[in-house]
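Please open the model in your viewer and keep a selection panel at hand. The stops below are meant to be followed in order.

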There are 2 protein chains.
Amino acid sequence: MAEADMEFWFDFSSGYAFFASLQVDDLAAKHGRRVRWRPFLLGAAFQATGMRGLSSTPLRGDYARHDWARLARRAGVTFAPPATHPIVALPASRIFYWLDSRAPEAAVEWAKQAFRAYYTEGRNLATNEAAAELAATVTGLSADELVAGATSAEIKARTKESSEEAVQRGIFGSPFLVVDGEPFWGRTGYR
Amino acid sequence: MAEADMEFWFDFSSGYAFFASLQVDDLAAKHGRRVRWRPFLLGAAFQATGMRGLSSTPLRGDYARHDWARLARRAGVTFAPPATHPIVALPASRIFYWLDSRAPEAAVEWAKQAFRAYYTEGRNLATNEAAAELAATVTGLSADELVAGATSAEIKARTKESSEEAVQRGIFGSPFLVVDGEPFWGRTGYR
């Protein structure tokens, strides 16, 4: 990682990460940083912390749904994830890391469009095929090629390692920023 | 509750609540509100959510300690809770509700001084006697009178009901603000 990077760790299936994805470019520019997008799966962190997803946690789930709607009004965006939210965002994460291994800019564009489609249009991204179908429209690559690349042994390992790296570095939630070694969980960094 | 109140729910044993206690008056004044201080015990909420205290949660505990130190630097205050932190803050909460039943201003002053002594001087507030000793210096009442009042059946019930009210109203964390029916968990409200 370059010294001047701002690491943006997120789970595609995190509602708060969606809102962060809308702000992180401006936040980084304000501080003269380049964003390094790092999808990971919260599941590994949940095993370490004993927590579980917001949506399935009593009281906190209700609060999160209220807060997401409030944040959407403030941001002027629609918040309408699929009825099946939250999903396990492994397909979207693997597509990210496959694109990242070929053309990092395409990976970032994929991340932004995946967030937008999932959270504002309720687009299904739960399967490799569904995620690849959307990624094909974003990248111009074929869905078959995307599935093959994203499910290669190398990319499966790369994606798994990202979640392990997160836990090893104490990254237990989403979104999570790291700047000059300073960790910022959740909405803390977004003022 | 008067319409123009801002409810400030907190557990005395919550590090984030300490920082909120330093800011809540200014925040309320900015919005033309009067703060209604509402101590409760997070334990009841933890039973509902399946969570546990930050300090004993892997990864999150380390982050919280780092974040508290960072917040203290920014606020220009010392952050030095007792080595036994976190405690069960039942004695401090009961003293609050006993004072509140007699003279609400004294209860608020007690809350502020309890936060200050515990978090900046590492003062022990884990027992009725230790908490009453500090409360005596704040209120001018005798420690014996404070213990007797705070452990009366009426005040024990009032304190327990506050924690139950919190859970019933979806208040699962500390600090937690409620303004015009809008809930704000954690540092969300403190910008």
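The tour goes from the interface to a sheet and then to some backbone details.

This is a predicted model, in which local features need pLDDT of at least 70 and side-chain atom pairs count only at pLDDT 80 or more, while totals for chains, interfaces and linings use all residues. Residues are numbered from 1 along each chain as its sequence is written, chains are lettered from A and ligands numbered from 1 in the order in which they are written, and side-chain values use heavy atoms, with hydrogens and water left out.

**The interface**

Next, select Arg70(B) and Glu182(A), which form a salt bridge whose closest N and O atoms are 2.6 Å apart; the term stands for a side-chain nitrogen of Lys or Arg within 4 Å of a carboxyl oxygen of Asp or Glu. The count between the two chains is two salt bridges.

Helices (H or I, at least four residues) and strands (E, at least two) are DSSP runs, numbered from the N terminus.

Which order do the four strands of the open sheet in chain B take? The order is E2-E1-E3-E4, with mixed pairing, where two strands pair if DSSP finds at least two bridges between them. Strand E2 (34-39) and strand E4 (182-185) of chain B are the edge strands, each pairing on one side only. Select strand E3 (residues 176-179) of chain B as well, which runs antiparallel to E4(B) and is joined to it by four bridges; Val178(B) has Pro183(B) as its bridge partner in E4(B).

**Backbone details**

Move to His85(A) and Pro86(A), joined by a cis peptide bond with omega of about -5°; Pro86(A) lies in the loop between H3 and helix H4 (90-102) of chain A. In chain B, the peptide bond from His85(B) to Pro86(B) is cis, with omega near -5°. Finally, select Asp180(A), which is not a glycine but has a positive phi of about 50°, and which lies in the loop between strand E3 (176-179) and E4 of chain A.
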